[in-house]
Amino acid sequence: MKVDLCNFSGLKIYPGHGKRFVKIDGKVFNFVSKKSERCQRMKRNPRKVNWTVLYRRKYKKGMTEEVSKKRTRKTYKHQARAVAGASLAEIMAKRNQKPEVRQAQREQAIRAAKEKKRADEEKKKSLKKPTQPKAKGKTQKQTQQPKKAVPRVGGKR
């Protein structure tokens with residue numbers, strides 16, 4: 001059994017149904033109903049007519065039945081390379097270290113940084129000497145200049 005497709009709606013046309021229209025230039029059109037034939041003659045766009053298959057495909061209607069194949073990502077194996085300041089041998093040695101050794105080194109580095117910070121703070125405190133408080137009163141007020149009123153530019157706002 002030969003099943004044709006409607007040129008406008010995209011619906012199936014079973015034997016004994018529909019209408020075939022042939023233009024003067026020899027172009028053949030198959031229509032499932034008078035409705036789709038008239039829409040074609042009125043030059044309507046099937047992608048903008050709600051009941052056509054092309055419209056449903058364009059706006060992804062009724063696609064829940066079809067399960068699309070999930071694409072799997074290709075896994076890339078990264079090549080180890082030397083970075084600025086560290087050669088490849090150093091990087092590989094660090095990678096192959098046991099976690100306990102790595103943790104001990106980390107803690108030691110943290111302790112050293114804290115000691116250095118404490119020493120810097122103590123050094124700053126020893127350099128900083130207590131100064132005498134400034135005398136407040138008329139002398140301070142006389143040194144400040146009163147602000148002049150600056151005229152506005154541009155008139156009212």
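The legends below describe close-up views of a predicted model.

**View 1. The buried side of helix α1.** Helix α1, which spans residues 34-41, has Ser36, Glu37 and Cys39 as its buried residues. These residues lie on the same side of α1, because they cover an arc of only 165° around the axis. An α-helix has 3.6 residues a turn, so residues three or four places apart point the same way.

View 2. Lysine 43 comes after α1, and its phi is positive, with a value near 60°.

**View 3. The hairpin of β3 and β4.** Strands β3 and β4 run antiparallel and are joined by 4 bridges. Arginine 20 has asparagine 30, a residue of β4, as its bridge partner. Between the two strands of this hairpin there are 5 residues, and within the hairpin glycine 26 adopts a positive phi, near 95°.

**View 4. A nonpolar patch on the surface.** Three residues, Met1, Val3 and Tyr14, make up a nonpolar patch on the surface, and together they have about 350 Å² of accessible area. Of these, tyrosine 14 is placed in the loop between β2 (12-13) and β3. Tyrosine 14 counts as partly exposed because its relative accessibility is 40%, a value that falls between the cut-offs of under 20% for buried and over 50% for exposed.

Terms used:
Residues are numbered from 1 along each chain as its sequence is written. This is a predicted model: local features need pLDDT of at least 70, side-chain atom pairs count only at pLDDT 80 or more; totals for chains, interfaces and linings use all residues. Side-chain values use heavy atoms; hydrogens and water are left out. Buried means under 20% relative accessible area, exposed over 50%, partly exposed in between (1.4 Å probe, protein chains only). The arc is that of the directions from the helix axis to the C-beta atoms. Patches are made of residues with over 30% relative accessible area and no salt bridge: like charges are joined within 9 Å, nonpolar side chains (Val, Leu, Ile, Met, Phe, Trp, Tyr) within 5 Å. Accessible areas come from the Shrake-Rupley method with a 1.4 Å probe; for residues, only the protein chains shown count as cover. A salt bridge is a side-chain nitrogen of Lys or Arg within 4 Å of a carboxyl oxygen of Asp or Glu. Two strands pair if DSSP finds at least two bridges between them.
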